Amino acid sequence: MNDTEKTNTRSILTYEVNGVVYAIDIMNVIDVIEYGKVIKVPKMPPYIKGVIDLRGQVVPIMDMRKRLMLEEIEYDRKTCIIVTDFDGTQVGIIVERVLEVENVSETMFEATRRSTGYVSEIISAKDGVKLVPDYEKLLG
Amino acid sequence: MPIFEEGMDALLDTFIYESQTLLESLDNILIRTEKSGLEHEDVAEIFRIMHTVKGSSAMMGVPNMSELAHKVEDLFYIIREQPQVTYDGKTLYELLFEASDALKSEMEILPDKEAKFSDFSALEEKISALLRQMKGEEKEQAETGQSEEEIFLPTDPKSVGAVRIFFDESCMMVEMRALVVVKNLKRCAQVMSTIPEDLDDEGAGDYIRQNGLVVKLVMEGSEERVAQAIADSLNVARFETVKREETKEKAKTEPRKPTEQATAAEEEKKSEIVEKNIGAQKKQSAQESIIQVRLSKLDALLDLVSEIVITQSAVSSSPDIRAAGNSLEQFHKNERQMRKLIDELQDMVMSIRTVPVSQAFSKMNRVIRDMNNKLHKNVELSFVGADTEADKSVVDILNDPLMHLVRNAVDHGIESPEERLSSGKTEPPRVTLAASDSSGEVIISVIDNGKGMDAKEILEKARKKGLLTKPESEYSEEEALSLIMKAGFSTNDAVTEYSGRGVGMDVVRSNIEKVGGKITVSSKVGEGSRFDLKIPLSLSIMEVMGIIVGESFFSIPIDSIIEVIKPKKENIVKNNDGNEYILVRGRTFPVIRLSAVYDIDSAKSELGDGVVILCHSGREGVCIFADSIDSEQSVVVKPFPPYLSRLNVTDYGMSGCSILGDGRITIILDIKTIMDKFL
């Protein structure tokens, strides 16, 4: 096949929750920071762990495991918070491992019909399957 | 293509700001005078506004704006000089509003380097037509001799006459020639006045070209010399003596001394002119003592002041200082002085930034006027609390939401006159904008007395559009009504000019939430609807008392605290339902344990072991139980991120959070809400 066709590529960041690999578009990532002290905000849904101070801004933090209805585990030094930004709304998500940034061509993204588990697209790559959640639903 | 010369870019901002301000005040004058009629000052003011816009847009290199402004200026020149000229008021106002809109919208595209200058020739032609009509009338008047009435006063003595001088068509600087002629005339006769009065004025040249220059002077005995003086002047095409009607002579027979009267009238006029000049000068000097400041600079200033407040607080409550105890008297004295100064500084900066919300409200006058013209619903607009002040950044945000809400209210809420009649509504349709402030928030309400909204209908419509996220029955009335703000909801079958495209309200809501605010809807079918916008006063700095509950760090505004007590066992009362009360100096107050209401651990369980903070909201009091007190601090309160406010965090008594100088985050409590929620 003639590979001179230009295909669009997207840059994604992959991360791991409970052994499953997910991906997020780099455009929606502001920062990746070490998991640290999160100030609890009372009366919030259980998956909202609280808030942190990110360079003078107060950012809400969501626990991905809790959001996905998994039991809590102890976080270690590999645990990170990915600070996401969707349309100006910032939310940090706690993930167990941050893997890497890679370029994936548009054609690799396949939409899925299944409506549970927050997944909207799937990337079937040679090095493994990466799930792309519907972040609007996931982050509420 | 608006490419401006180097250096002009910086002036562009000033030009846009100043012109927008002028056009806004023009709008206000137009709206007011449309009903009440044009007074002399209104005409003069409109002329001045157009004159300024003409000049400054010419300087900026925006020829279309300059020409359009020039045309309107011409219109008002005639209205000013010939107050009795008749014209169709409706046409005039339509043109004026159209011109104002055209100029305003042109300024919006100016910053875009790709945009092209708009073509105003159609509008200009309409104005020219009106101009011709008005001038045509004038010419008629000149021919029927009516203008004699203006030139001559009944009290003018017989010796006073007037000449009308016409200059060559090819003459370039007509005003100059006119000035020279008048000067020549002054040498041989007593010149009383000229029409146009002010030969230095911009429009004078055009006027003279059209109508000739009229010079009123004492002719008797000097006719020949006058004629000679005129003939000697350059570029004079022809001149004629303006005839006076014989009947005017009758006034002279009255016993009053006419010449004295004439001079008295002149004196009055002179002093009027002087007063006007002084007034104008005063206005100018008042204007000169106002300067424009970019809001971003004020933002930076406020941030800086906030940092100073936090740092000062950190210094004063530093553990080193506390360790030294009472031995630092001089230090504490200076520290108190510094605190006082910083307080004043903070107040000053906040007051610089506050403006009355009327700034945003008054813009709605135009919206209502335009909508009434189109929809004929005759909606009245009324304001309540328009002088409520809020931070400029907050008032700026209000424009778009208010516009959407007002348009919706008139378009959808208010019924047509026939509908109102048939449903027995006798009061006039009204939209009310109300503003008030309370505990760090500004509340803006848009209220209409229209047909209201039916929650059931809304749920039905939302279901059909697939917008429901939970079963219909689980929606409270308020939640159901709020669905109208969801994206994609209001795609009306008939998309009107004003609403129904489904992109309005959701954007409005997200913009309000972005600044930490909230929109709530309430409505009664048949009576009307109400939208409340709650916007926290941005960056309020307040003094708070920090308290520790388990691992959590809360703060209570000092204003809400009456005192801190360590209750004695005999003053504690426990009810059989588990609720506790404390007796303080003859009054009994309920106890709220933050650990209980917030489901967090606390270190202390006995009321006597921890601290009790007696707080109040209005005349009611409540005791808040905590493990210990942290310290008094001045903090900059930031609203919660919209993400959390959507989860109703404020309903649980948490009004905002703050990052302290030492990096800790504290959650600010609102006593009133806590009492509402947990008692």
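pLDDT is the predictor's confidence in each residue, from 0 to 100. I began there, as this is a predicted model in which local features need pLDDT of at least 70, side-chain atom pairs count only at pLDDT 80 or more, and totals for chains, interfaces and linings use all residues. Residues are numbered from 1 along each chain as its sequence is written, chains are lettered from A and ligands numbered from 1 in the order in which they are written, and side-chain values use heavy atoms, with hydrogens and water left out.

**Entry 1. Confidence**

I looked up the scores. The model has ipTM 0.84 and pTM 0.54. For chain B the mean pLDDT is 80, and 86% of the residues score at least 70.

Contact here means heavy atoms within 4.5 Å. Residues 270-286 of chain B are also below 50, with two contacts of that kind.

**Entry 2. Where chain A meets chain B**

Next I turned to the interface. I counted 22 residues from chain A and 21 residues from chain B in the contact. The area buried between the two chains is about 1900 Å², and carbon and sulfur atoms give 75% of it. Buried area is the accessible area (1.4 Å probe) that two parts lose on being put together, summed over both.

Which three residues supply more of chain A's buried area than any other three? They are Pro42(A), Lys43(A) and Val58(A), with 32% of the area that chain A buries against chain B.

I then checked for charged pairs. Between chain A and chain B there is one salt bridge. It joins the side chains of Lys43(A) and Asp599(B), at 3.9 Å from N to O. The rule I used: a side-chain nitrogen of Lys or Arg within 4 Å of a carboxyl oxygen of Asp or Glu.

On the chain A side, β4 (48-54), β5 (57-63) and β7 (89-95) each supply at least two of the residues that touch chain B. By class, that side has 14 nonpolar, four polar and four charged residues. Ala, Val, Leu, Ile, Met, Phe, Trp, Tyr, Cys and Pro count as nonpolar, Asp, Glu, Lys and Arg as charged, and the others, Gly among them, as polar.

**Entry 3. Gln90(A)**

I picked one residue in strand β7 of chain A, Gln90(A). Its relative accessibility is 22%, so Gln90(A) counts as partly exposed. The bands are: buried under 20% relative accessible area, exposed over 50%, partly exposed in between (1.4 Å probe, protein chains only).

Gln90(A) and Val59(A) are 31 residues apart in sequence, yet 6.4 Å apart in space, C-alpha to C-alpha. Beyond four places in sequence, the contacts of Gln90(A) include Ile30(A), Gln57(A) and Thr84(A).

**Entry 4. Salt bridges**

I counted 43 salt bridges over all chains.

Arg48(B) pairs with Glu45(B), with closest N and O atoms 2.8 Å apart. Why are the two about one helical turn apart? Because they are three residues apart in helix α2 (residues 40-60) of chain B. Arg48(B) is partly exposed at 45%, whereas Glu45(B) is buried at 18%.

Arg339(B) pairs with Glu543(B) at 3.2 Å. This pair links distant parts of the chain, 204 residues apart: Arg339(B) is in helix α13 (residues 329-353) of chain B and Glu543(B) in strand β12 (residues 540-549) of chain B. Arg339(B) is partly exposed at 30%, and Glu543(B) is partly exposed at 31%.

I also found a network of salt bridges in chain B, with Asp27(B), Glu94(B), Lys104(B) and Arg366(B) among its members.

**Entry 5. Glu580(B)**

Last, I looked at Glu580(B), in strand β16 (residues 580-584) of chain B. Is Glu580(B) buried or exposed? It counts as buried, at 10% relative accessibility.

Methods
Helices (H or I, at least four residues) and strands (E, at least two) are DSSP runs, numbered from the N terminus.
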